[in-house]
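Open the structure in your viewer and keep the selection tool at hand. We will go stop by stop.

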Amino acid sequence: MAANVERLERAWAEPGALITAFATVDHKKIGVRYLTTATVFFVLAGLEAMVMRTQLAEPNGRLLSPEAYNQLFSMHGITMIFLFVTPMLSGFGNYLVPLQIGARDMAFPRMNAFGYWVFLAAGLFIYSSLLIGKAPDNGWFNYAPLSSNAQGTNIDFYGLGLIFLGISTTAGAVNFIVTIFRLRAPGMSLNRIPLFCWAVLATSFSIVFAVPSLTADCLLLELSRKWGFHFFEKATGGDPLLWQHLFWIFGHPDVYIIFLPAVGIVSSIVPVFSRRPMAAYHLVALATMATGFLGFGVWVHHMFAVGLPQVTMTFFAAASMAIAIPSGIQIFAWLATIIGGRPVIRTPFLFVVGFIVVFVIGGLSGVMFAVIPFDQQVTDSYFVVAHFHYVLFGGAVFPIFAGVHYWLPKITGRMFSERAGVASFWLVFVGFNLTFFPMHIAGLLGMPRRVYTYPDHMGWDVLNLLSTIGGFVLAAGILVILANVLWSVRWGPPAGDDPWDGNTLEWATTSPPPPYNFPVIPVVRSADPNWDREDRSADARRLEHGELVLADGHETVSTGEVDAELERVLRMPTDSPWPLALALSLTVLFVGLIASSNLIAWVGVGLVLASLAAWHYPWTPHEEELA
Amino acid sequence: MTELVVGRPDATPGARPTGWWGMVLLIATEATLFALLLATYFYLRFETVGGWPPDGITDPTILKPLLATLILLAAVVPFAVASAAADRLRPPVVQLALACGIVLGVGFLVFQYVLVQESLDRFRPGTNAYGSIFYALVGLHFVHVAVGGILALWALARTWRFDRTAIVTVRVTALYWYFLAVVAAVVFLTLYLSPRG
Amino acid sequence: MGATLTLAAFGLAGCGGGQSTLVVRSDASGRIDSLWWVMLVGSAIVVAVVLALLALGLLRRRGTPAEERKQRRPGTTFVAIAGVAIPSVVLVALFALTVDALPKTSPNIDKTKLSVDVVGRQWFWDVSYPADGARTANEIHIPVGVPVDVRVTSKDVIHSLWVPELNRKVDAIPGRTNHVVFDARTAGIYRGQCAEFCGLQHAHMALYVVAEPRADFERWLRRTAAPAPPPANADLERGQQVLLGSACEYCHRIAGTNASGTVGPDLTHLATRMTLGAATILNGRGNLAGWILDPQHIKPGNKMPGTALTGPDLQSLLDYLESLR
């Protein structure tokens, strides 16, 4: 046994720190990079929000000019949605999916690294706009024709930046789909994959079909802005609503791209802390896929005020109500699990409880928006700002906070401070509600959204002040979380392999896991594999016999898509500089595009082709020649 | 792409390699992109009062675009031959077939370039929304075909070391070219035949 | 001017700003308001149920981390009933309410007796009554109890006309005409505001809807359709000369004079209006002076440049503008 492990250790030994920094393809390292980079963007977006809230604390505020405010609210939305919440969840996916399915890495390890580098590059690309005072200033959904006619490069940072980022998102989605379908441990049939992996699967399919709509829209926008094309003005045969349709065909599935992995985290935590398997596992898996699918059929509910025919709107209202059902299934499945279990109240579980309360409120206000006349009254007011913060912060950020605390011990090997965790939960919960609940009322009292200031006789003053105070409380809670994480990374007590007695396979290995994840590929016979003690002992015995150790290089297994029967052994790439090279090449291309420099852009294209060639060139051939 | 180790006692043939699945999903995203642009074409047309093409732009002639499309559709054959020959471990056939496919592809690109230059005399992207969506569709497909040509050149070069990865490269190249052909057919039907309907 | 200010004070100092969705001044907004209360009660019940279930789960039995996991009943039936069956019934009912309410808030142009055209511009509202040739800005006058067809469009980017106490919002989209019906039950002043982000001064693009008895409305309409009163004395004459000699006429129209610009709001009867700058400041001599001299200070980024005027010129101009009733 020791000899087998030693061979593995040697095969997976990492080169020096410098090479690893630029060339690693280890999904765990890449996952941590996504998590930390996304956190930095979260803090930036949060600071943007705090400056806005300070401006709005009183009527007729003079802290910010309208230019500054408009750039801040736009960057806040763009950052939170594109640079924080999706990459953060991608980070969890990257770290956990191979571990949870019993594999040693993703199906395309180098493309995984590439995805991270492009995310970082695109994020920096977009933020460089703020440094030169030309940040996008037309909101995160950037309606035409204000966008297509706008002077300056602000909107180009949006259009080109999102196309750039979309490359990363799409690459990640393809990787997850192939990984989940082909690299699962033997025996892990589809009805045994963790609910978090179902969520990542549904999300990834949504990304494959939704992101092209955003890409198409941004392509049309940039063609209009840079090359004189006309798509969005009536005078030349176009239509401003074209932007809206293409945007929301992406935009509504996007909220499920955000929501599904987050509730996948919830489905990971609830069974473990309720000390019982998930109730109605099959219904939850089905609801997850159904949400992803139905999410494509509701986009027009973002356009109820534009003057569409009643028949059209009525159909989409019905679809928008129907999509509440799969979410309801999930909520009651969690409640059933908790009620039927013996709950253990620790920080991860506290954040899950917070999620349930906040998300249910947000979901209910969402159902209200399906009632067309009510939507037409309160859309574009602070009521909708309240709604989407309840579903996004409640439905994604609370689960992210839960996931951070749940998996921090696995990722770092150290436990956080439970006291700080509880304190941070209450600060966040109270702060969040104090910030956003009053916004429901402000909206009902007629306060529109995206206003840099408001008059003082409208009845909105106290409500805004409460929101601002709440914002500071919320910020304090987030600071405590950050401090807790940083403290525990350095000084936290050792957590052990399995501090929570988890049901999924990441808890079957050390904390942190070795580079090869598992010394032997596990064989699985249920949906809660880490609770099957005999199976895990059987793994240990197979390690002794050297069965499925696969220590001849970086190897894992590929199995059948449905029933995960063993098919073949896969040899995976080791560290490679080409993902970074390709990402840098793309950066050159996009810089050329935004600077309107044909030379730089074509140089970028050349570098892209060269990087792709170098990536695929067999520098050290492993395979035998067949002819 | 993950390389495959064959000859292990537990290896079974038949399952599609991960690279194949990756290309299928990439095609799914690009096909969605084209589908949305085609939907945009019909949306703009549906919204336009009066004739289509609007503003007195004459119906496009069919013959030359049809020929160009047929050239691209014909390219499917050599790529299919290359893919089958790769599975049968016959590199010379693969190389010849790929070369034929590349020639046809380049022929399409050259022909298409000439056709676009001719069209630009009648209307430009900036003329109106019709011009914009017309050239957006044609242009995007052109870029995709060019990428396909580069991919085919790479696949050809890669056959110099005929291992499993080289085989998968040929197979995914063929897949991509089938996709290009389908898009060409649909774009042709949309831009050139549907206005007459 | 005194009457205007009184009206303004009434509207502006009343409870809230006259822009609340919960204050019902028409059948349409009343219908939406009823929907809101029904949904609020329903939501409160759901939240209470969920909180009760949570409490049940959290407070009943507590485990410790070392406790053995129990294999409990799957819970599929509970989930199916609570998560599918009951919500389906509720949602069907909600859908029925929606379908019933939709005609009440949608424009039924056949029932309307009057049309007014509202064009959203960056950043003001251009209001005209085409049948009568009346034109104004940032105020819509309507007769009480008469359904009015408001035809909404935009000259530049997407705006949205929202007067919550009268009806739902409707987007003002360039190249497209949308309709909303205003049918005020009682006389009053109702505030509205642009509700679609439209650029730098989206925050200061508000307007007032004045619902008045039919006779008053007709009088207002006739007066607004008439050209501006000619200057009645030398001072006003001088004021008009100052206006026509400055850049004002390139952007503004005063019917009956040579000023016929259409970039900015119509000023023909400026003195009858309650506010300036699309309800940003009250209309009064001091505010008007400040606006003319430095509009960027009040509404930074708006499209009106400042105008430098000497003291006497300014005073005469103000006198003239105050005469435009």
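The tour below visits a helix pair, a chain interface, a single side chain and a strand. Bear in mind that this is a predicted model.

**Stop 1: two helices in chain A**

Select residues 66–100 of chain A, which form helix H4. Angles under 35 degrees count as roughly parallel, so H4(A) and H7(A) are roughly parallel to each other. The crossing of H4(A) past H7(A) is left-handed.

Now show the residues where they meet. On H4(A), pick Phe82(A), Thr86(A), Ser90(A), Gly93(A), Val97(A) and Pro98(A). Their partners on H7(A) are Leu162(A), Leu165(A), Thr169(A), Gly172(A), Phe176(A), Thr179(A) and Ile180(A). What classes of residue make up this contact of H4(A) with H7(A)? Seven are nonpolar, six are polar and none is charged.

**Stop 2: where chain A touches chain B**

Show chains A and B together. Here 45 residues of chain A are in contact with 44 residues of chain B. On the chain A side, the elements that give two or more residues are H7, helix H8 (195–227), helix H9 (240–274), strand E2 (566–571) and helix H20 (598–616). Which of them gives the largest share? Select H8(A): the largest share, 10 residues, comes from there. Colour the chain A side by class, and you get 27 nonpolar, 10 polar and eight charged residues.

**Stop 3: one phenylalanine in chain C**

Move to chain C and select helix H3, residues 76–105. Pick out Phe78(C) within this helix. Is Phe78(C) buried, exposed or partly exposed? A residue needs 20 or more C-beta neighbours within 10 Å to be buried. Phe78(C) has 19 inside 10 Å, so Phe78(C) counts as partly exposed. Look across to chain A: leaving aside residues up to four places away in sequence, Phe78(C) touches Phe332(A) and Ala336(A).

**Stop 4: an enclosed strand in chain C**

Stay in chain C and select residues 139–143, strand E4. Five of the five residues are buried, so E4(C) is largely enclosed by the rest of the structure. Turn the view to check both faces. Glu139(C), His141(C) and Pro143(C) are on one side, all buried. Ile140(C) and Ile142(C) are on the other, also buried.

Finish on Pro143(C), which stands opposite Glu212(C) in E10(C).

Key. Residues are numbered from 1 along each chain as its sequence is written. Chains are lettered from A and ligands numbered from 1 in the order in which they are written. This is a predicted model: local features need pLDDT of at least 70, side-chain atom pairs count only at pLDDT 80 or more; totals for chains, interfaces and linings use all residues. A residue is buried if 20 or more other C-beta atoms lie within 10 Å of its own, exposed if 12 or fewer, and partly exposed in between; C-beta atoms are placed from the backbone. Helices (H or I, at least four residues) and strands (E, at least two) are DSSP runs, numbered from the N terminus. Two strands pair if DSSP finds at least two bridges between them. Axes are lines fitted to C-alpha atoms, for helices over the stretch in contact, and angles run from 0 to 180 degrees between N-to-C directions. Angles under 35 degrees count as roughly parallel, over 145 as roughly antiparallel, 65 to 115 as roughly perpendicular and the rest as oblique. A crossing is left-handed if the near helix is turned anticlockwise from the far one by less than a right angle, and right-handed if clockwise. Two residues are in contact if their C-beta atoms, placed from the backbone, lie within 7 Å. Ala, Val, Leu, Ile, Met, Phe, Trp, Tyr, Cys and Pro count as nonpolar, Asp, Glu, Lys and Arg as charged, and the others, Gly among them, as polar.
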